[in-house]
Amino acid sequence: MEDASAIPETAETDHANAPARALARRLQAGLVGHDALVERLLIALLTGGHLLIEGAPGLAKTRSVRRLADSMEARFARIQCTPDLMPSDITGTQVFRAGTGDMTFLPGPVFHELLLVDEINRAPPKVQSALLEAMGEGQVTVGGTTRALPDPFMVIATQNPLESEGTFPLPEAQLDRFLMHVILTLPDATQELAILDLVEGELTQPPSPPGDCLTAAALADMKAEVAQVHLSLALRQYIVALVMATRQEAEGLNVTPRIRHAVSPRGSLSLAACVRARAFLRGRAYALPEDVAALAPDVLCHRLVPTWRALAAGDTARSIFAEILRGVTPL
Ligand SMILES: Nc1ncnc2c1ncn2[C@@H]1O[C@H](COP(=O)(O)OP(=O)(O)OP(=O)(O)O)[C@@H](O)[C@H]1O
Ligand SMILES: [Mg+2]
């Protein structure tokens, strides 16, 4: 991840972002070295987006989402994906009630506000598309009836790195439904020791229950504030320049021959929303170029597909986008 810095403790405590900062502190207290992940979880909450977290087993993916669920006023469900999962395991099914002789709908896990989809790349394509459709449209259709999903509705999906066997990589078009793709890296020696201390300590002294939960009302208030954060024309042009550089060659760059699918307008809209939320979390009523640069890789890279030739030569979406980020400067 490009940006590993914690949300700085600079803004006044009575700022409108206080509930979000309190939530960040609760998450950070139980996670070692995942400050960037915590910030992205909050940004996704504040913008109503979904998050895809990628990392090797045992990097606290599940733990971070569980902590988030424990610290929020939201109904939580978890789905462990396997190759035999059916779309109805996610959306719900019509069942026959012998007593009354009629059909009733048993809602599936998508009808929870916070949904953890573990190992999404082990789910078969039909399940992935049912889920991603629900994420895109905020509704599901079962047995001919369309039902609205809760609001807010947030999916946090995890996947192990793509080269593992027996998996169904998410189709590129559906990856676009995720606001951000966060890649976790292994901890260093100091962090590893801190993890040992923290988790072993919890065995002898169970963690104290999280204090105040983030209420739905506080979240709604903060979302309204985030929408008010000022994004100057120069910053909008910076966002557009980054996205356009994936489509047409920008001056001084040589990347487009290596790109098969460029970033869509959904990418620029998502980046603008995330940038506003980052500024808000840092106590600012206006966004800065650093907000754009810090979030652009996690917001845009999964929407960018390199050519086979580029992949074979060792390029990745991240490495190509790093060239773009170096070559395109804010006005
Ligand atoms: N950075 C960390 N901070 C705190 N605990 C950690 C950290 N990394 C790993 N752990 C601990 O490692 C264990 C594994 O975590 P968890 O089950 O959340 O991993 P995961 O990423 O979901 O793994 P999998 O991909 O296998 O599901 C937990 O006991 C967790 O507390
Ligand atoms: Mg897990």
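Arg284 is buried, because its relative accessibility is 11% and buried means under 20% relative accessible area, exposed over 50% and partly exposed in between (1.4 Å probe, protein chains only). The model is a predicted one, in which local features need pLDDT of at least 70 and side-chain atom pairs count only at pLDDT 80 or more, while totals for chains, interfaces and linings use all residues. Residues are numbered from 1 along each chain as its sequence is written, chains are lettered from A and ligands numbered from 1 in the order in which they are written, and side-chain values use heavy atoms, with hydrogens and water left out.

Arg284 forms a salt bridge with Glu290, with 3.8 Å between the closest N and O atoms. A salt bridge here is a side-chain nitrogen of Lys or Arg within 4 Å of a carboxyl oxygen of Asp or Glu. Glu290 has a relative accessible area of 43% and is partly exposed.

## The salt-bridge network

The count of salt bridges comes to 17. A network of them links Glu39, Arg40, Arg278, Arg282, Arg284, Glu290, Asp291, Asp298 and Arg318.

Arg278 takes part in a salt bridge with Glu39, at 4.0 Å from N to O. Arg278 belongs to helix 10 (residues 265-281) and Glu39 to helix 2 (residues 35-47), so this pair ties together parts that are 239 residues apart in sequence. Helices (H or I, at least four residues) and strands (E, at least two) are DSSP runs, numbered from the N terminus. Arg278 and Glu39 are both buried. The side chain of Arg278 also meets that of Asp291 in a salt bridge, at 2.6 Å from N to O. That pair links helix 10, which holds Arg278, with helix 11 (residues 289-300), which holds Asp291, the two residues being 13 apart. Arg278 and Asp291 are both buried.

## The surroundings of ligand 1

Which residues are closest to ligand 1? They are Val32, Gly58, Lys61, Thr62 and Arg63, in a shell of 15 residues; a residue belongs to this shell if one of its heavy atoms lies within 4 Å of the ligand. The shell divides into eight nonpolar, five polar and two charged residues. In this scheme Ala, Val, Leu, Ile, Met, Phe, Trp, Tyr, Cys and Pro count as nonpolar, Asp, Glu, Lys and Arg as charged, and the others, Gly among them, as polar.

Several polar contacts reach oxygen atoms of the ligand. A polar contact is a pair of N or O atoms within 3.5 Å; within protein, one must be able to donate a hydrogen and the other to accept it, and residues adjacent in sequence count only if both atoms are side-chain atoms. A polar backbone atom of Ala60 is 3.2 Å from an oxygen atom of ligand 1. For a polar side-chain atom of Lys61 the distance to a ligand oxygen is 2.8 Å, and for an N or O atom in the side chain of Thr62 it is 2.7 Å. Ligand 1 taken alone exposes 640 Å², of which the protein buries 73%; accessible areas come from the Shrake-Rupley method with a 1.4 Å probe, and for residues only the protein chains shown count as cover. Helix 3 (61-70) and helix 7 are the elements that give two or more residues to the shell.

## Helix 7

The 16 residues of helix 7 (residues 189-204) should span 22 Å at 1.5 Å a residue, and the end C-alpha atoms are 23 Å apart, which agrees. The expected span is 1.5 Å times one less than the number of residues. At the start of helix 7, a side-chain oxygen of Asp188 comes within 3.2 Å of the backbone nitrogen of Thr190.

## Buried side chains that reach the backbone

Thr246 sits in the loop between helix 9 (233-244) and strand 10 (259-261). With 2% relative accessibility, Thr246 counts as buried. A polar atom of the Thr246 side chain lies 2.6 Å from the backbone oxygen of Val243, and one lies 3.2 Å from the backbone nitrogen of Val263.

Arg26, in helix 1 (residues 18-29), is buried with a relative accessible area of 16%. The Arg26 side chain reaches the backbone oxygen of Ser71 at 3.4 Å.

## Backbone geometry

Most residues other than glycine have a negative phi, and most peptide bonds are trans. Ala60 has a positive phi of about 75° although it is not a glycine; Ala60 lies in the loop between strand 1 (51-54) and helix 3 and is partly exposed, with a relative accessible area of 23%. Glu119 also has a positive phi, near 55°. Glu119 is in the loop between strand 5 (114-118) and helix 5 (125-137). The peptide bond from Asp151 to Pro152 is cis, with omega near 0°, and Pro152 lies in the loop between strand 7 (145-148) and strand 8 (154-159).
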